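We'll go from stop to stop, and at each one I'll tell you what to select.

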Amino acid sequence: MSPVGQRERATQHRVIEFFIAELGYRYLGDWHTRENNRNVEPELLTAWLVGRGVEAALIPKVLRQLDRAASLGEGRLLYDANKEVYRLLRYGVKEKAGAGEQHQTVWLIDWANPQANDFAIAEEVTVKGEHKKRPDLVLYVNGIALGVIELKRSTVSVSEGIHQNLDNQKKDFIRNFFTTMQLVMAGNDTQGVRYGTIETPEKYYLEWKEPTDSSSSYAELSSVTLLDQHLAQLCSKARFLELIHDFMVFDAGTKKTCRHNQYFGIRAAKAYIHRRDGGIIWHTQGSGKSLTMVWLAKWIRENVADSRVLIITDRTELDEQIEKVFSGVEEEILRTKSGADLVARLHAHHPWLICSLVHKFGRSSEGESEDEDGGSSEDFIADMRRSLPSDFSPKGQLFVFVDECHRTQSGKLHGAMKSLLPEALFIGFTGTPLMKQDKKKSIEVFGPYIHTYKFNEAV
């Protein structure tokens, strides 16, 4: 082996030891010469399912269903196969032991208890495709390959590892191996890790950044390299499963995962929601605010009983964009047609997800000054209330996301919205640097900053 190869192998061995000693993964071995390496290892998955008490008659049926989902036969796209596999991972496999029996949900991963899963790592995993390829490290959970890492020596750019990952996903190589893959990573000691998911273009690979006051015990480790630190932050058992369970989305043909600001912003918002407190998420423009709304809305839907989400914008193009984003990730969202339509939808129990212009809380239209008709805010709200049905009552536990909240934090329309929805919890979103007077007003209206894009920003 050349000195260059020896240096890269030394890094690889150190990383494996780190996964074993620090992260609690078990070592499966060097699979360079092992035959029939797959992204679903039936023996490992079967052993875990047996240990969970799954009926013996169900297990082969579950394996067949997973194999079918992961198949790329007949010109099937990697995106479509990966999406079907993800649904089985996320929501369980529905099967029945025999004819006439009830369907059961067989879970391939215990999401609630990370330590109850079999986390393992293998190196030099030779995979047969149209041409053989050998990923450096593969992460398995219960025998299912969910993560892959290409490692480079410190003098070689992480970019080369990213290119290897992208080449491996081509039809000419081992595209079929990536049908189960969730996190696709490349790294070296000096640059740390860059991560994406299947078919992520190089320019969209992300670098993880974590605040030093994070609850993660691996927020900042002085005794290890940046590579080890990033791997710990992304691949510790609880974090790895959390990223897969809560922060993957299939967006109109492109699979995406979260940036660090989206992850920490949503985690902070969850704590506020548990306390029934509102506040503001300030993330810079271009940092994925719309997908932050998607992930937070989905979490609310799954974790808050009788919950509903209303997304408010102040521009028609933003209202259209919100509708497009949610529709793209297959979340049905109703876009209101008028003020009367908005009132009717809030008065009913369905739908759970609505978007609307703030102007539909009053008589003014987009672009029209709220004060052109004169009168006080109190008069405006009283007039608005007289137009409501006598028995009007917003249904469900209502969460209101206000986009570009620095623009909708005052005036009659905002007052009308707050008056109409007195029990709702309001979360403001903005990507625009909040002037001092705007910042003060925003906090008065929506509450404190839940999260900001810059970790060390004083708020």
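How many helices and strands are there in the protein chain? Colour by secondary structure and you can count 14 helices and 18 strands. Keep in mind that this is a predicted model.

**The whole chain**

Select everything and show the surface. The protein chain exposes about 20300 Å², and carbon and sulfur atoms supply 49% of that area. The chain has 459 residues, and 55% of them count as buried. Now think about contacts between residues at least 6 apart in sequence: 70% of these join residues at least 24 apart.

**Stop one: α2 and α3**

Hide the surface and select residues 42-51, which form helix α2, together with residues 59-69, which form helix α3. Two packed helices are described by the angle between their axes and the distance between the axes. For this pair, the angle is about 135 degrees and the axes are 11 Å apart. Angles over 145 degrees would count as roughly antiparallel, so α2 is oblique to α3. The crossing of α2 past α3 is right-handed.

Which residues make the contact? Show side chains for Pro42, Leu45, Thr46, Leu49 and Val50 on the α2 side. On the α3 side, pick Ile59, Val62, Leu63 and Leu66. By class, this contact has 8 nonpolar residues, 1 polar and no charged.

**Stop two: Glu74**

Move along to Glu74, in the loop between α3 and α4 (78-91). Is Glu74 buried or exposed? Its relative accessible area is 88%, so Glu74 counts as exposed. Check the backbone here too: Glu74 has a positive phi of about 55 degrees, although it is not a glycine. Most residues other than glycine have a negative phi.

**Stop three: Asn142**

Next, select Asn142, in the loop between β5 (137-141) and β6 (144-151). Asn142 is not a glycine either, yet its phi is positive, at about 55 degrees.

**Stop four: Lys170**

Jump to Lys170, in the loop between α5 (158-168) and β7 (183-188). Lys170 has a relative accessible area of 43%, so it counts as partly exposed.

**Stop five: α8, α9 and α10**

Select residues 260-274 for helix α8 and residues 289-303 for helix α9. Helices α8 and α9 pack at an angle of about 40 degrees, with their axes 10 Å apart. That angle makes α8 oblique to α9. Their crossing is right-handed.

Show the side chains of this contact. From α8 come Gln262, Ile266, Ala269, Lys270, Ile273 and His274. From α9 come Leu291, Thr292, Trp295, Leu296, Trp299 and Ile300. The contact of α8 with α9 holds 8 nonpolar, 3 polar and 1 charged residues.

The crossing of α9 and α10 is right-handed.

In this contact, Ser290, Leu291, Met293, Val294 and Ala297 of α9 meet Gln321, Ile322, Val325 and Phe326 of α10. Sorted by class, the residues where α9 meets α10 are 7 nonpolar, 2 polar and no charged. Click on Leu291: it belongs to the contact with α8 and also to the contact with α10.

Select residues 339-347, helix α11, and find Asp341 in it. With a relative accessibility of 13%, Asp341 counts as buried. Leaving aside neighbours within four places in sequence, what is Asp341 in contact with? Highlight Leu334, Arg335 and Thr336.

Finish at Pro351, in the loop between α11 and β15 (353-357). Look at the peptide bond from His350 to Pro351: it is cis, with omega near 5 degrees. Most peptide bonds are trans.

Conventions:
Residues numbered from 1 in each chain as written. Predicted model: local features only at pLDDT ≥ 70, side-chain atom pairs only at ≥ 80, totals over all residues. Heavy atoms only, no water. Axes fitted to C-alpha atoms, helices over the stretch in contact; angles between N-to-C directions. Helix = DSSP H or I, 4+ residues; strand = E, 2+ residues; numbered from the N terminus. Parallel < 35°, antiparallel > 145°, perpendicular 65-115°, else oblique. Left-handed = near helix turned anticlockwise from the far one by under 90°. Contact = heavy atoms within 4.5 Å. Nonpolar A, V, L, I, M, F, W, Y, C, P; charged D, E, K, R; others polar. Buried < 20%, exposed > 50% of the residue type's maximum accessible area, 1.4 Å probe, protein only. Areas by Shrake-Rupley, 256 points an atom, 1.4 Å probe, with all protein chains shown as cover.
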